[in-house]
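Thanks for taking a look at this one with me. I have put my reading into numbered points that you can check against the coordinates.

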Amino acid sequence: GSSSFQVYVDGKPNQMMSANPSQIFKVLPASMVKSIDVVTNPGVKQDAEGAGGILNITTHTVATGGQSITEGQYGTVTAQASSRGLGGSVYYSMQKDKFSLSLNGSLNSMSNDGTSTTIERIQDTPAGRMSTLTTTESDMKSPMKMGSISANYEIDSENIVSATASIMGFTSNSEGLTSTLITNPDASTLGYDSVTGMEQSRNSINAALDYQHTWSETPGRSLILSYQFTGTPSVNNTQNTFNTGDLLGFDFTDRKSDGKSNSLSHILQADFTTPLAKGQSLSFGSKLIYRDNSSDQTNFIWNGTSFEPTAAGSLNYDYTNKIGSAYAEYAGQFGLFGVKAGLRYEYTWQDVTYASGQGSDFSLSYGNLVPALSLQYNLSQTSNLGLSYNMRISRPGITYLNPYVDTTDPLALTYGNTNLTTQNTHNVSLVYNLFTPKFITNITLRGSLTDGGISQYSFYDDSNILNPTYGNIVRNASA
């Protein structure tokens, strides 16, 4: 039930999927997915981001039809069709001596026509109750393309190098008619219609290089060095044409908005694990993340003959986010009792620079200390009991911080809040597992506490215009 989580693909964070999980999962071909792991207690080795934990999607990077192959080639071709669209995918893998290679690609085109949405907003005023009823009829097309390549080379028994690269493209084109009816406290009604066209394009480019070294004379000791690059360019264009009917007092000039954004990230990571004694190990490492996010939004208004750029609401800014982190984790097994304890520290530097538009340059930096503890007791060979605690954080992203004022709706001004701080969530869980040859039982008691949670809220300004924005306003306890 949590909406605050991170999406990983093959063990690495994926910004595009984390930002748009519901849209992408609807068109993600099942043939590309080998397994999905829900990690509610990821430990301190993983980033602290994501209050709900991590959703790790493992793709078919080594698809062998259920059989292990050491030499040779393997491939599959799939096609799918439904009342909502068409799609297909191809997969190829090969193994030659110490070198392996896999290729994966898919195309999908989905449609969601005839969607109807009704929203009613009620406002209590000194003169009485006012209601605003909005009905939207829309059609949407959502084509998607994905492709990846993965290669591994075993230098010798102690050294392995692997590289991956992938692309993903997701577009969405929609057109809809919106009718708005306002009922005043005196029961009089006013209304208007608008036609909205929207074009969205989101793309993702990922590349990673990993080196792993193990010590044959010390089983369990390993060193992993990793680099990952991600680019996520996107385009978001909208156009609104109004038929005002008899509603006066609001600005119903036809308008459009052209927006583009991009996020470039570089990630360097080092992880070292070594055994301490029988059943005990120590892991520690560090990570450096550099993200450069840019956004360029231009608004246009109709001047009678054409759309003319306007400074009102237009914005061009650059948002740099740097995160440095280090962690240490101890794991031990003492007979029937097991323990894992770790501590992670992350420090964040944020800088926002405005090239144009309303807003002042600002910088923000803060640190987060993130602990984790897990205890396990084996009741028998087929059952165990576990108690765990972890802390997760959620940083305000570009959507929440963006001060750009969206004027698409004449009755509402939507914008972000540059004063947001980190959201902290504390999770405690008690788990009982029972394994038998015929069934598996899992019973979990979980509780969480969130303080300073980020959420959208709205207020009416002096002009009776609704202002949706964001704030650290939520304190939530759940069990």
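The points below go from the strands to the cores, the surface and the charged pairs.

1. A word on the basis. This is a predicted model, in which local features need pLDDT of at least 70 and side-chain atom pairs count only at pLDDT 80 or more, while totals for chains, interfaces and linings use all residues. Residues are numbered from 1 along each chain as its sequence is written, and side-chain values use heavy atoms, with hydrogens and water left out.

2. The open sheet. Four strands make an open sheet of mixed pairing, in the order β2-β1-β4-β3. At its edges stand β2 (12-13) and β3 (33-39), each with a single partner strand, so one side of each is left without a neighbour in the sheet. Strands here are DSSP runs of E with at least two residues, helices are runs of H or I with at least four, and both are numbered from the N terminus. Two strands pair if DSSP finds at least two bridges between them. Strand β1 (residues 6-9) runs parallel to β4 (residues 54-59), joined by four bridges, and Val 7 has Leu 55 as its bridge partner in β4.

3. Strand β8 (residues 128-156) is antiparallel to β9, with 23 bridges between them. A hairpin of two residues connects β8 to β9, and Asp 156 stands opposite Asn 159. On to β10 (residues 189-214), β9 pairs in the antiparallel sense over 25 bridges, with Thr 171 opposite Ser 201. Five residues lie between β9 and β10 in their hairpin, and Ala 187 in that turn has a positive phi of about 75°.

4. A buried serine. Ser 162 sits in β9 (residues 159-183). Its relative accessibility is 17%, so Ser 162 counts as buried (under 20% relative accessible area; exposed is over 50%, partly exposed in between, with a 1.4 Å probe and protein chains only). Its contacts (heavy atoms within 4.5 Å) are Ala 151, Asn 152, Ala 208, Leu 209 and Asp 210, leaving aside residues up to four places away in sequence.

5. Nonpolar cores. A core here is a set of buried Ala, Val, Leu, Ile, Met, Phe, Trp, Tyr and Cys residues joined through side-chain atoms within 4.5 Å. The largest has eleven residues, among them Leu 315, Tyr 317, Val 352, Phe 362 and Ile 454. Two or more of its residues come from each of β15 (307-334) and β16 (337-357), and β15 gives the most, with three. A second, separate core has eight residues, including Val 7, Val 33, Met 146 and Phe 170.

6. A nonpolar surface patch. Which residues make up the patch of about 880 Å²? Among them are Phe 334, Phe 337, Tyr 377, Leu 387 and Leu 430. Patches are built from residues with over 30% relative accessible area and no salt bridge, joining nonpolar side chains (Val, Leu, Ile, Met, Phe, Trp, Tyr) within 5 Å and like charges within 9 Å. The areas come from the Shrake-Rupley method with a 1.4 Å probe; for residues, only the protein chains shown count as cover. The elements giving two or more residues are β17 (362-380), β18 (383-394) and β19 (423-435). Leu 430, in β19, is partly exposed at 36%.

7. Salt bridges. With a side-chain nitrogen of Lys or Arg within 4 Å of a carboxyl oxygen of Asp or Glu as the rule, the count comes to nine. Lys 287 pairs with Asp 47, the closest N and O atoms being 2.9 Å apart. This pair links strand β14 (residues 280-302) to the loop between β3 and β4, 240 residues apart. Lys 287 is buried at 9%, and Asp 47 is buried at 11%. Glu 346 and Arg 395 also form a salt bridge, with closest N and O atoms 2.4 Å apart. Glu 346 is in β16 and Arg 395 in the loop between β18 and α3 (398-401), so the pair ties together parts that are 49 residues apart in sequence. Asp 47, Glu 49, Lys 287, Arg 344, Glu 346 and Arg 395 are linked in a network of salt bridges.
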